[in-house]
Amino acid sequence: MSFFSIANPLLLGWVQEWVDQARERNSKGLLTYKNAHAALKACPITFGHPSELQQLKGFGPKLCDRLTEKLKQHCEENGLPMPKRKHAGKAGQTHDDDDDEDGPPRPAKKPRKAKPYVPSLRSGPYALILGLSTIDEEAPVGLSKDQLIQEAHSHCDSSFTAPKDANSYYTAWSSMKTLLDKDLVSEKGRPTRRYMLTDEGWEVARRIKQTTMPKAGQSFTNHPAPQEAINLTGDNHEDDDDELDARAPTYTTADDSLPEQSYLNIVATGSSSSKDSALPTFSPIRLAPGTFTVELVLDVREIRAKTDRDYMRDALSQKGVNPIMRSLELGDALWVAKCKDPNFLARAGAEGDEVVLDWIVERKRLDDLIGSIKDGRFHEQKFRLKKSGVKNVIYIVEEMRMDAEGLNKYEEMVRSAIASTQVVNGYFLKKTQAMDDSVRYLARMTMLLKKQYEDKALFVIPTEVLTAQNYLPLVKHLRQTEPSISHYITYPAFASLSSKSELMTLRDLYLKMLMCTRQVTGERAIEIQKRWKTPHDFIQAFRDCGEGSQGDKKRRELVFSQLGNLPVQRKKVGKILSQRIADIWG
């Protein structure tokens with residue numbers, strides 16, 4: 001938007017000055033000024049007096065008074081008349097302050113008629129009212145808390161037992177106080193409290209049912225609101241959420257934690273020589289349609305809090321998805337094709353009874369994302385995800401509430417990391433507001449993947465032909481030469497290849513050592529490894545720089561001289577980073 005197309009350039013300029021000052025001082029009011037600046041810049045209406053700005057987002061009486069003082073000072077310095085404050089009259093007409101002094105007194109405002117209470121769709125009050133409406137209007141006894149939660153949970157997007165995040169104490173049950181204060185619900189009984197709708201509460205319940213469930217004879221329970229659909233194949237799946245409760249997994253296993261030792265030595269390391277790493281030929285193992293089910297595997301470390309370790313599993317189970325719980329070597333969730341015949345793969349020459357599909361999820365809370373970026377885990381995890389060979393990587397970022405000061409401090413860093421994940425790495429990023437939203441997303445994904453995979457054959461690469469050296473080249477070759485056929489590996493083979501410690505070559509260890517240095521990303525570490533093949537070569541290069549001040553200068557600029565002029569910006573190493581690397585390795 002050009003300067004001349006802005007409706008209030010003078011006022012906008014002053015607000016911009018205050019935004020810059022707040023940023024320089026690291027003021028807590030920066031977010032307020034930024035919101036006010038954005039609202040004023042986007043507004044096409046020209047205002048005659050700063051007091052009129054209160055109708056815009058971010059402008060309160062204090063900020064408008066400050067703008068009025070600024071405008072008054074501007075008018076005095078430039079010999080201009082000060083605009084008069086306007087007041088709204090009948091039919092949108094305005095009149096000045098001066099007119100109020102001579103004119104007749106204003107008539108008293110008529111008291112506004114109180115609007116009937118309307119709870120938000122799928123909120124706590126909405127669900128509680130619908131839950132209480134399941135009993136008869138003339139019933140002598142109400143519902144207990146546990147009974148009411150059981151009836152209401154399917155109508156609410158929030159949990160009745162656990163807060164949305166660790167920093168909050170609010171649950172959907174907290175809204176019961178609102179209903180009691182508004183006299184929509186009556187509470188009776190001690191020590192077991194029972195709840196019933198009052199006459200006003202039944203009126204609200206009837207309005208909700210008429211609005212959201214207009215069809216006669218339609219049930220008022222077990223009908224969750226439609227959620228955002230995830231389209232995997234280009235088809236329209238608007239009704240996927242309605243199937244969550246109706247379609248449960250055909251095979252589920254809870255707490256299926258396999259021991260780490262069961263995955264040892266499943267995939268050979270192999271040799272890095274060109275002869276041994278040549279791509280093998282093989283006959284894939286075919287899983288026919290109907291011989292397997294698609295299951296969600298969830299990491300046992302995905303907990304809501306130390307005292308609430310089963311929340312995510314229980315929430316998924318309520319939506320018809322019973323996840324397999326185990327300690328995952330990579331990612332926080334993935335999907336497998338589980339054979340109905342547990343011995344089928346063993347008879348075909350493979351191990352286990354699960355095949356890893358091309359979908360994996362990494363879940364991050366916003367505070368955890370910031371911490372992982374600061375300590376380097378974020379880049380290391382993305383590097384391992386790339387080495388896994390999984391085609392579709394999903395990053396779920398839960399935007400939990402943080403204090404404004406901390407959020408503003410790391411806002412640019414988080415935005416840069418998210419953009420890099422999407423553009424550079426090509427991963428899909430899903431933002432959610434809380435764990436409950438992540439649970440709904442995983443449940444919908446599970447149902448859609450069942451539709452996508454269970455009706456077609458899967459082709460499995462025999463583990464005996466895989467090595468740590470040929471796995472990624474083989475997967476890349478198969479995707480290029482046979483794009484219409486997807487090839488997969490068994491879960492034990494995947495766990496063995498993804499292990500942090502097992503099958504780690506000297507090159508992998510060298511790259512991890514380099515990435516321990518701040519700002520050395522996976523791509524920069526690979527560029528360093530291309531020029532100095534081993535840690536010994538890297539250290540020797542620093543030793544060869546010689547002694548004295550001249551040698552110190554060569555050491556500081558050693559990496560910069562090799563990587564400072566690369567055509568790709570994200571792979572470059574500047575002088576400051578080169579000096580930091582020299583301090584550690586030189």
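Student: Which residue in β5 is the bridge partner of Ser 186?

Tutor: Happy to start there, keeping in mind that this is a predicted model. Strand β4 covers residues 185–188, and 4 bridges join β4 to strand β5, residues 194–197, with the two running antiparallel. Within β5, the bridge partner of Ser 186 is Met 196.

Student: In what order do the 3 strands of that open sheet stand?

Tutor: The pairing in this open sheet is antiparallel. Both β3 (143–144) and β4 (185–188) have a single partner strand, so each stands at an edge with one side left without a neighbour in the sheet. The order is therefore β3-β5-β4.

Student: How far apart are the closest N and O atoms in the salt bridge of Arg 193 with Glu 187?

Tutor: Arg 193 is partly exposed, with a relative accessible area of 39%. Glu 187 counts as partly exposed too, at 29% relative accessibility. A salt bridge needs a side-chain nitrogen of Lys or Arg within 4 Å of a carboxyl oxygen of Asp or Glu. For Arg 193 and Glu 187, the closest N and O atoms are 3.3 Å apart.

Student: Is Glu 200 buried, exposed or partly exposed?

Tutor: Glu 200 is found in helix α8, residues 199–212. Together with Asp 136, Glu 138, Asp 183 and Asp 199, Glu 200 forms a negative surface patch. Its relative accessible area is 44%, so Glu 200 is partly exposed.

Student: Let's move to strand β9. How many of its 7 residues are buried?

Tutor: Look at the two directions in turn. Ala 333, Trp 335, Ala 337 and Cys 339 point one way from β9, and they are buried. Leu 334, Val 336 and Lys 338 point the other way, and they are buried as well. The strand, residues 333–339, is mostly covered, and the count of buried residues is 7 of 7.

Student: Which residue in β10 does Ala 333 stand opposite?

Tutor: Strand β7 (residues 292–299) is joined to β9 by 7 bridges and runs antiparallel to it, and there the bridge partner of Leu 298 is Ala 333. β9 also pairs with strand β10 (residues 354–365) in the antiparallel sense, over 5 bridges. In β10, Ala 333 stands opposite Val 361.

Student: How many residues apart in sequence are the parts tied together by Lys 34 and Glu 411?

Tutor: The side chains of Lys 34 and Glu 411 meet in a salt bridge, at 3.7 Å from N to O. Lys 34 lies in helix α2 (residues 30–42) and Glu 411 in helix α13 (residues 404–423), so the pair ties together parts whose separation in sequence is 377 residues.

Student: What is the N to O distance in the salt bridge of Asp 368 and Arg 377?

Tutor: Asp 368 has a relative accessible area of 28%, so it is partly exposed. Arg 377 is partly exposed as well, at 32%. Their side chains meet in a salt bridge with an N to O distance of 3.4 Å.

Student: How many salt bridges does the count come to?

Tutor: Some charged residues are linked in a network of salt bridges, including Arg 122, Asp 157, Asp 437 and Arg 440. With the 4 Å cut-off between nitrogen and oxygen, the count of salt bridges comes to 27.

Student: How far apart in space are Gly 320 and Thr 446, C-alpha to C-alpha?

Tutor: Gly 320 has its place in the loop between α9 (311–318) and β8 (324–326). With a relative accessible area of 9%, Gly 320 is buried. Gly 320 and Thr 446 are 126 residues apart in sequence, while their C-alpha to C-alpha distance in space is 9.9 Å.

Methods:
Residues are numbered from 1 along each chain as its sequence is written. This is a predicted model: local features need pLDDT of at least 70, side-chain atom pairs count only at pLDDT 80 or more; totals for chains, interfaces and linings use all residues. Side-chain values use heavy atoms; hydrogens and water are left out. Patches are made of residues with over 30% relative accessible area and no salt bridge: like charges are joined within 9 Å, nonpolar side chains (Val, Leu, Ile, Met, Phe, Trp, Tyr) within 5 Å. Accessible areas come from the Shrake-Rupley method with a 1.4 Å probe; for residues, only the protein chains shown count as cover. Lys and Arg count as positive and Asp and Glu as negative; His and the chain ends are not counted. The place of a charge is taken as NZ of Lys, CZ of Arg, CG of Asp or CD of Glu. Buried means under 20% relative accessible area, exposed over 50%, partly exposed in between (1.4 Å probe, protein chains only). Two strands pair if DSSP finds at least two bridges between them.
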